[in-house]
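User: Hi! I would like to learn how to read the packing inside a protein model. Could you walk me through an example?

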Amino acid sequence: MAITSATLFGGDSEADATASATTVSTAPDPATTSDTPSTPPPTRTAPRSTPSHKSSPSPSRTPKASTSPSRRPATPTPTPSQVIGTVDTTTAPVAPPATAPVLRRGDDGPEVAELQDRLAQLTIYNGKADGHFGSKTENAVRTYQSYMGLESDPPGVYGPETRSALEAQTS
């Protein structure tokens, strides 16, 4: 039997009815392939001059579009409650108050008047609460430190340890 172009490209012979169409697929290039789904690669099928009415179409080897959900990233995106390093301003602690000043001889102001009032409550200071840290106030602070056994602040200086102890005992 002689092979003619009609036989090769869809002639009416019985061999055509049982032969399947030639399909050529292009493989994806790994260098340009990504993890995200994309459209399937183009498929080339040999053209037929006359469709065959006796044969059914051959199954295609072209991949079909997936109906499954797309891939998730390898690392999930954190939700706001999982993010590290943020501060929720509605529950953030209030900033600690500024450090109270250390008072000593020569200082003046309302803080000194408050110190004098506190020492007067314990009957250690018997002068007027005038807001001036003079020798009377210094001696009263020194006496209080001695009674309480406070040694971390210098004698006669109203420092953090002396302040803490005096404020705990007075109002």
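Analyst: Happy to. Let's start from a single side chain and list its partners. Leucine 166 touches Leu115, Arg118, Leu119, Leu122, Tyr144 and Tyr158, once residues up to four places away in sequence are set aside. Please keep in mind that this is a predicted model.

User: Which residues of α5 are buried, and what covers them?

Analyst: A residue is called buried when its relative accessible area is under 20%. In α5, Thr162, Arg163, Ala165 and Leu166 are buried. The cover over the buried residues of α5 includes α3 and α4.

User: Then let's look at α3. How many residues does it have, and how far does it reach?

Analyst: A helix can be checked by comparing its span with the expected one. Helix α3 covers residues 110-121, which is 12 residues, and it reaches 17 Å from first C-alpha to last, close to the 16 Å expected. Just after α3, threonine 123 has a positive phi of about 55°.

User: Which residues of α3 are buried, and what do they pack against?

Analyst: Val112, Ala113, Leu115, Gln116, Arg118 and Leu119 are the buried ones. They pack against α4 (135-148) and α5 (160-169).

User: Why does leucine 119 count as buried?

Analyst: Leucine 119 counts as buried because its relative accessibility is 1%, and the cut-off is under 20%. This residue lies in helix α3. Beyond its neighbours within four places in sequence, leucine 119 is in contact with Ile124, Tyr125, Thr137, Ala140, Val141, Tyr144 and Leu166. Leucine 119 and glutamate 167 are 48 residues apart in sequence, with their C-alpha atoms 9.9 Å apart in space.

User: Which members of the largest nonpolar core touch the most other members?

Analyst: Here we go from single contacts to a connected set of buried nonpolar residues. The largest nonpolar core has 13 residues, and those touching the most other members are Leu103, Leu115, Leu119, Phe133, Tyr144, Tyr158 and Leu166. Helices α3, α4 and α5 each supply at least two residues of this core.

User: Now the whole chain, please. What pattern does it follow along the sequence?

Analyst: The chain has five helices and two strands, in the order α-α-β-β-α-α-α. Of its 171 residues, 19% count as buried. Among contacts between residues at least 6 apart in sequence, 42% join residues at least 24 apart. The accessible surface comes to about 13200 Å², with 56% of it belonging to carbon and sulfur atoms.

How values were computed
Residues numbered from 1 in each chain as written. Predicted model: local features only at pLDDT ≥ 70, side-chain atom pairs only at ≥ 80, totals over all residues. Heavy atoms only, no water. Helix = DSSP H or I, 4+ residues; strand = E, 2+ residues; numbered from the N terminus. Expected span 1.5 Å × (residues − 1). Buried < 20%, exposed > 50% of the residue type's maximum accessible area, 1.4 Å probe, protein only. Contact = heavy atoms within 4.5 Å. Core = buried A, V, L, I, M, F, W, Y, C linked by side-chain atoms within 4.5 Å. Areas by Shrake-Rupley, 256 points an atom, 1.4 Å probe, with all protein chains shown as cover.
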